[in-house]
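Please read it beside the sequence and the model.

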Amino acid sequence: LTVLPQLPDLLACDMVYVGVFGMTALVPPRTTLALRRCQNTGVPVCLVGRGNLRGAVTEAINHGLWFEGATSCEGDEWKGMSEAERQERCLSLRVMAMASPTDIASLARSLQRKGEVVAITGDSPCDLRMFLEADVSMVLQGQGDDHLRGSADVAHLGGGMSGLFRGIAWGRLLHKSVRAQVQCRTT
């Protein structure tokens, strides 16, 4: 019969502490640059996803999307808020974690009620519901299936998130040109 040593004796024997590690998604530097450029040109970015809140807030900080007064929440917390609370919180919200497509669609409606134009990117068929709520729905290169790309307002064929910034710049330029043409023809 073998007698097991007491716990303190077991912990004191020849062990080596190796360390603690964590994993995060590696994001290309051009993605961070594109997100910061969007923010700098007045396009607020909110990270919304199905992952955990702590990781999502860390990503927001790493990408320069977090600012003083920014808020975060989980999808269940968002569901539990009254419409008035959602209206108060939606403009400062920079991270929504563990969010369902229904939560994201609700966030889009809240932002629209505040007068914001809402663009949503998606990558899976369950994102179709939130595409219906967005003013502009986008699928980036290499994401989504044929049905999702067909349902999107914009199916971006290249450049990932950096292409998104270029798309915004081209859209603004086009808007400015059309406005000038209409003004010229009506005066």
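**Notes on the structure**

1. Asp76, Lys79 and Asp103 are joined in a network of salt bridges. A salt bridge is counted here where a side-chain nitrogen of Lys or Arg lies within 4 Å of a carboxyl oxygen of Asp or Glu. By this rule the count comes to seven salt bridges. Side chains of opposite charge can pair when their charged atoms come close.

2. The model is a predicted one, in which local features need pLDDT of at least 70 and side-chain atom pairs count only at pLDDT 80 or more, while totals for chains, interfaces and linings use all residues. Residues are numbered from 1 along each chain as its sequence is written, and side-chain values use heavy atoms, with hydrogens and water left out.

3. The chain contains nine helices and six strands. Of the 187 residues in the chain, 30% are buried. Buried means under 20% relative accessible area, exposed means over 50%, and partly exposed lies in between (1.4 Å probe, protein chains only). Among contacts between residues at least 6 apart in sequence, 44% join residues at least 24 apart; a contact means heavy atoms within 4.5 Å.

4. Glutamate 83 deserves attention for its two partners. It forms a salt bridge with arginine 86, where the closest N and O atoms are 3.8 Å apart. Because glutamate 83 and arginine 86 are three residues apart in helix 5 (residues 83-89), about one helical turn separates them. Glutamate 83 is partly exposed, at 35% relative accessible area, whereas arginine 86 counts as buried, at 14%. The side chain of glutamate 83 also meets that of arginine 113 in a salt bridge (2.8 Å, N to O). This second pair links distant parts of the chain, with arginine 113 in helix 6 and glutamate 83 in helix 5, 30 residues apart.

5. A further salt bridge joins the side chains of arginine 109 and glutamate 133 (3.3 Å, N to O). This pair too links distant parts of the chain: arginine 109 belongs to helix 6 and glutamate 133 to helix 7 (residues 128-133), 24 residues apart. Arginine 109 is partly exposed, with a relative accessible area of 30%, and glutamate 133 is partly exposed at 25%.

6. Where is methionine 98 placed? It lies in the loop between strand 3 (93-97) and helix 6 (101-113). Methionine 98 is partly exposed, with a relative accessible area of 47%. Neighbours within four places in sequence aside, methionine 98 contacts Gly49, Arg50, Gly51, Asn52, Glu74, Gly75 and Asp103. Asp103 also belongs to the salt-bridge network with Asp76 and Lys79.

7. Helix 2 (residues 29-40) packs with helix 9 (residues 160-186) at an angle of about 30°, their axes being 7 Å apart. Axes are lines fitted to C-alpha atoms, for helices over the stretch in contact, and angles run from 0 to 180 degrees between N-to-C directions. The two helices are therefore roughly parallel to each other, a term for angles under 35 degrees. The contact is made by Arg30, Thr31, Ala34, Leu35, Arg37 and Cys38 of helix 2 together with Met161, Ser162, Phe165 and Ile168 of helix 9.

How values were computed:
Helix = DSSP H or I, 4+ residues; strand = E, 2+ residues; numbered from the N terminus. Parallel < 35°, antiparallel > 145°, perpendicular 65-115°, else oblique.
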